[in-house]
2 protein chains.
Amino acid sequence: MRIAAEEARALARTLLERAGAPVAHATLQADVLLEGELRGHPSHGLQRLPRLLNRIERGLADPAATGAQSWRKAGLLEVDGNAGLGPVVATRAIDALLSRVGQTGVAVAAVRNANHLGMLAGYVERIAAAGSVGIALSTSEALVHPHGGTRAMLGTNPIAVAVPTAGAPFVLDLATSVVSMGKIHDHALRGATIPQGWALDANGDPTTDAIQAKSGAIAPFGGAKGYALGLAFELLVGALAGSPFAPDVRGTLDAEHKANKGDVFIVIEPNGAPELAERISAYLDALRSSRPADPSRPVTVPGDGARARREAALQGGIEIPDQLWRDLQSRLSKDIQS
Amino acid sequence: MRIAAEEARALARTLLERAGAPVAHATLQADVLLEGELRGHPSHGLQRLPRLLNRIERGLADPAATGAQSWRKAGLLEVDGNAGLGPVVATRAIDALLSRVGQTGVAVAAVRNANHLGMLAGYVERIAAAGSVGIALSTSEALVHPHGGTRAMLGTNPIAVAVPTAGAPFVLDLATSVVSMGKIHDHALRGATIPQGWALDANGDPTTDAIQAKSGAIAPFGGAKGYALGLAFELLVGALAGSPFAPDVRGTLDAEHKANKGDVFIVIEPNGAPELAERISAYLDALRSSRPADPSRPVTVPGDGARARREAALQGGIEIPDQLWRDLQSRLSKDIQS
């Protein structure tokens with residue numbers, strides 16, 4: 001079902017407000033879910049809303065909480081998310097870092113106990129829009145097996161990086177798994193097989209059956225090096241936030257536990273050279289215009305695809321599964337009746 | 001030729017001292033080269049010494065320089081390496097960060113114009129030994145092609161991360177290329193072919209000929225995601241240090257230019273939870289003891305292999321090519337005669 005972005009955004013915002021979220025919080029959370037849809041990552045989009053609303057109803061997520069902030073040192077902010085919505089706690093933490101970085105040149109937020117952040121790109125874009133370099137790291141339940149291993153023991157451990165340029169910022173946002181669990185669920189729903197190398201089944205054996213993969217483990221991207229980076233990011237978050245490691249993480253996917261994962265945001269002021277932004281843009285353009293291996297597939301820069309998909313979706317609407325849209329609509333009617 | 005580590009270290013130190021390096025600088029530089037040998041990365045070991053000595057003789061590297069440090073903000077250190085030896089400039093910058101991080105909680109050094117750092121692991125180990133989390137990033141000449149591209153336009157853009165544990169620190173140190181240019185040179189020297197997927201030739205076509213690959217481009221590791229991360233690291237370093245991007249980087253490999261690349265070091269205080277170090281160690285041990293896909297190849301944690309190779313080499317000596325050892329010995333005699 002194709003829906004205009006603004007209609008979907010308004011519905012998400014309304015449902016969150018009726019669940020008890022202050023307007024500003026409902027807006028932030030709805031915007032993050034919509035960005036997932038607009039950029040072609042429905043796994044981080046509206047399909048997370050029913051679960052989130054359930055979590056609020058069950059008291060596992062507190063839509064009014066903003067996180068308890070405490071500056072442990074001049075540039076190091078500790079945040080207890082207090083079960084707040086991920087976008088609310090994270091945005092407030094980032095704004096605190098942006099207020100501080102003018103003095104310290106670098107500022108870090110170590111966050112624990114916030115709900116799922118959604119797509120990370122938007123957080124580092126907020127930092128780049130303020131003129132700084134931004135890094136975001138997050139963690140999850142154990143979904144990824146170590147290189148050469150058989151059991152899910154790491155999170156999908158995404159990283160996002162934004163760097164200001166003379167135009168739109170450079171934005172990278174990727175998970176350190178070869179694919180997201182959302183994509184595997186998607187294949188399972190459609191009855192499709194998954195490519196060899198994506199996942200192991202619950203016994204630790206390679207599988208192309210998406211349903212078997214759901215109870216197994218996803219492969220890290222890039223073999224030993226990708227595993228090493230994913231593990232390093234997991235340790236960085238755990239060491240800075242004091243949060244659990246993947247096997248003990250709960251509450252980003254389930255409807256039974258409060259979220260106990262960690263998130264880290266880093267803001268650093270770029271070098272003051274006046275021509276820097278132009279030089280970055282020129283370098284990225286040189287990459288884009290360099291000769292591709294396949295003439296029909298130009299070299300791209302991370303973020304280009306998401307930006308193009310976003311533009312198209314703002315014009316043409318977003319594709320939402322019928323059942324999901326009906327579910328959200330029926331929640332609205334129920335709320336109105338009650 | 002198998003040489004005792006201490007003999008090789010002493011020779012390197014002596015040659016550097018005779019080239020004009022103060023004892024402390026010669027010691028630091030020799031130690032970094034030796035660590036490359038001890039951990040099984042000869043591409044970052046003594047084979048770099050003749051070129052480095054030439055660079056000193058030609059005035060491209062200044063063995064007495066320590067770098068001009070200036071705190072741009074409370075937690076942000078700018079360093080002009082002033083053509084100093086990489087290990088000297090970097091170690092002095094890291095020590096400044098470690099002195100500052102107690103106040104600020106996080107401190108960053110953005111370094112430009114320092115010579116080649118050698119293996120990054122030692123720098124972040126120094127940070128972890130002081131109880132903090134360490135991240136090191138560096139850049140190089142254009143050696144790596146973009147994903148889907150044909151031309152060398154990115155550096156090998158290594159990253160190192162260290163996190164303190166209850167035992168030896170977790171240490172990751174990897175390049176974002178699928179393989180180092182040193183390994184390709186190594187294959188070329190031995191007349192060996194290289195695996196498909198490692199490199200393109202000067203025309204941008206895939207090659208298994210190591211000699212053709214030397215004038216071509218190395219692949220990024222892990223496809224699109226590895227390219228994205230390597231590019232993000234390159235932009236982070238350039239944006240923070242104000243240093244050139246790969247196509248304009250000179251002087252880490254050649255004997256004609258001063259080094260103009262950038263390096264970044266980040267030091268962050270870990271969360272103060274008393275059981276944190278033990279919890280990290282327990283998690284890493286759980287990974288190591290998890291069931292491997294191949295029973296004969298246990299799951300490892302980044303740094304395990306390097307630590308084992310280092311122990312063995314400290315006992316059994318390091319393998320140095322005959323010609324390299326003779327070259328270094330003859331420099332010693334020449335120095336003594338002159």
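In chain A, the centres of domain 1 and domain 2 lie 23 Å apart, taken over C-alpha atoms. This is a predicted model, in which local features need pLDDT of at least 70 and side-chain atom pairs count only at pLDDT 80 or more, while totals for chains, interfaces and linings use all residues. Residues are numbered from 1 along each chain as its sequence is written, and side-chain values use heavy atoms, with hydrogens and water left out.

Let's start with those domains. Domain 1 of chain A covers 2-57 + 317-337, and domain 2 covers 68-177 + 220-268; such bounds come from an automatic or database domain assignment. Where they meet, 14 residues of domain 1 of chain A are in contact with 21 residues of domain 2 of chain A (contact means heavy atoms within 4.5 Å). Between these two domains of chain A there are 2 salt bridges, each a side-chain nitrogen of Lys or Arg within 4 Å of a carboxyl oxygen of Asp or Glu. Asp254(A) and Arg55(A) join their side chains in a salt bridge at 3.6 Å, N to O.

Now turn to chain B, where 7 strands form an open sheet with mixed pairing, in the order β2-β3-β4-β11-β5-β6-β7. Strands (E, at least two residues) and helices (H or I, at least four) are DSSP runs, numbered from the N terminus, and two strands pair if DSSP finds at least two bridges between them. β2 (68-73) and β7 (170-174) of chain B stand at the edges with a single partner strand each, so one side of each has no neighbour in the sheet. Further in, β5 (133-138) and β11 (262-268) of chain B pair in the antiparallel sense over 6 bridges, and Leu137(B) stands opposite Val264(B) in β11(B).

Technical notes: Chains are lettered from A and ligands numbered from 1 in the order in which they are written.
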